[in-house]
Amino acid sequence: MEAAKDIYYVGVNDHSIDLFEGQYVVPNGMAYNSYVILDEKIAVMDTVDAGFTEEWLGNLEKVLQGRCPDYLVIQHMEPDHSASIPAFLAKYPEAQIVGSAQAFKMMGQFFDVDLTGKQKIAANGGTLELGTHTLQFIAAPMVHWPEVLVTYDAAAKVLFSADAFGKFGALDVEEDWACEARRYYFGIVGKYGMQAGNMLKKAADLDIQTICPLHGPILSENLDYYLNLYATWTSYGVESEGVFIAYASIYGHTAEAAKCLASKLEEKGIKASIADLAREDMAEAVEDAFRYGKLVLACNTYNNSINPFMQDFINRLVERNYQKRTIAFIENGSWAPMAAKVMKGMLEGCKELTFTENTVTILSAMKAADEEKIAALAEELA
Ligand code: FEO
């Protein structure tokens, strides 16, 4: 597949994976992307996961048609992209490896390979001449590891964006881009919004017609759509109007309160998205917390603290720099309800959070009076 002039896709689809990064469910698999630039000199952009080395080398061989690559550019050392470096070096011993100084340090940590005379360090702003194409390297630290480079090819107007603009899902499955790109972004890169935003600012001056990420499809149409979503996500902006209600419940009473709030919001024409944290994908809940501007946390008191699923959820938000949102609480307890206090305390370090005046406290089970309290909260959120 030609991604742009002289640039060919040689990546692979992984349908055998159960959990990406050992934690994210990927029902539609995963793609590990790699590209080849055929010019007077040949550059290969990144490798693939260890389970697909042979398939990738086969793809590469077909595109190379007997030629040998001059360079292997390593933009990111996470093993889903770097694991096939040793096999590449064994097959193409004359090729040079190009990467940041930190990438070479990690290569020494991951692999037992001799890189003497094969290392070409790429600094921010550095270039690599291939002939018609000149690669320009842009440091993108923490998008999503510190050694990351993204690469611009001015001749083809292509940005090789590393993990940025990636998504879950193999390339042979049709699915909505934003849904799985958002879950991927907030799950994996979300903590580093500022750094990802800095990378976007550096890229803003470039004439980009195609984005070649390390996961997900090559983007070449309607680029403003993707760039605008990334501008919102990296700045922790609100993407969709509405309220996200995340609940954890033992016997269903807290769930009943959460669902009651959702229906009262819907009656007012407010979009309400709701998730049971114990049963639904936590990464999906995290993306929804960042997607909407208002978040309601509904939880029972448990072991003098809160339900462990809610604890996990809030921890995930905090470690991803959750901010700029309106927060409300519904708590439930049978003798000493304290979930709202604990949840608020967990969010203490987050920037620019506004807490609603109404906090709903349920004592064991919903009563008619509780419905009135929930109606008041719905009114305030609306
Ligand atoms: Fe796709 Fe951060 O590796």
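Contact here means heavy atoms within 4.5 Å. The model is predicted: local features need pLDDT of at least 70, side-chain atom pairs count only at pLDDT 80 or more, and totals for chains, interfaces and linings use all residues. Residues are numbered from 1 along each chain as its sequence is written, and side-chain values use heavy atoms, without hydrogens or water.

Start with two helices (DSSP runs of H or I, at least four residues). In α5 (residues 177-189), Trp177, Ala178, Ala181, Arg182, Tyr185 and Phe186 meet Tyr225, Tyr226, Leu229, Tyr230, Trp233 and Thr234 of α7. The axes of α5 and α7 come within 12 Å and cross at roughly 35 degrees; axes are lines fitted to C-alpha atoms over the stretch in contact, with angles from 0 to 180 degrees between N-to-C directions.

Now the rings. The whole structure holds 24 aromatic pairs. Rings of Phe, Tyr and Trp (its six-membered ring) pair if their centres lie within 6.5 Å; planes under 30 degrees apart are stacked, over 60 edge-to-face, the rest tilted. Phe20 and Phe168 have ring centres 6.0 Å apart and planes at 75 degrees, so this pair is edge-to-face. Phe20 lies in strand β4 and Phe168 in the loop between β15 and α5, so the pair ties together parts 148 residues apart in sequence. Strands are DSSP runs of E, at least two residues. Both Phe20 and Phe168 are buried (under 20% relative accessible area, 1.4 Å probe, protein chains only).

Phe168 also pairs edge-to-face with Tyr184, at 5.4 Å centre to centre and 85 degrees between the planes. Tyr184 is buried too.

One aromatic cluster includes Trp177, Tyr185 and Phe186, along with Tyr225, Tyr226, Tyr230 and Trp233.

Definitions and conventions
Buried < 20%, exposed > 50% of the residue type's maximum accessible area, 1.4 Å probe, protein only.
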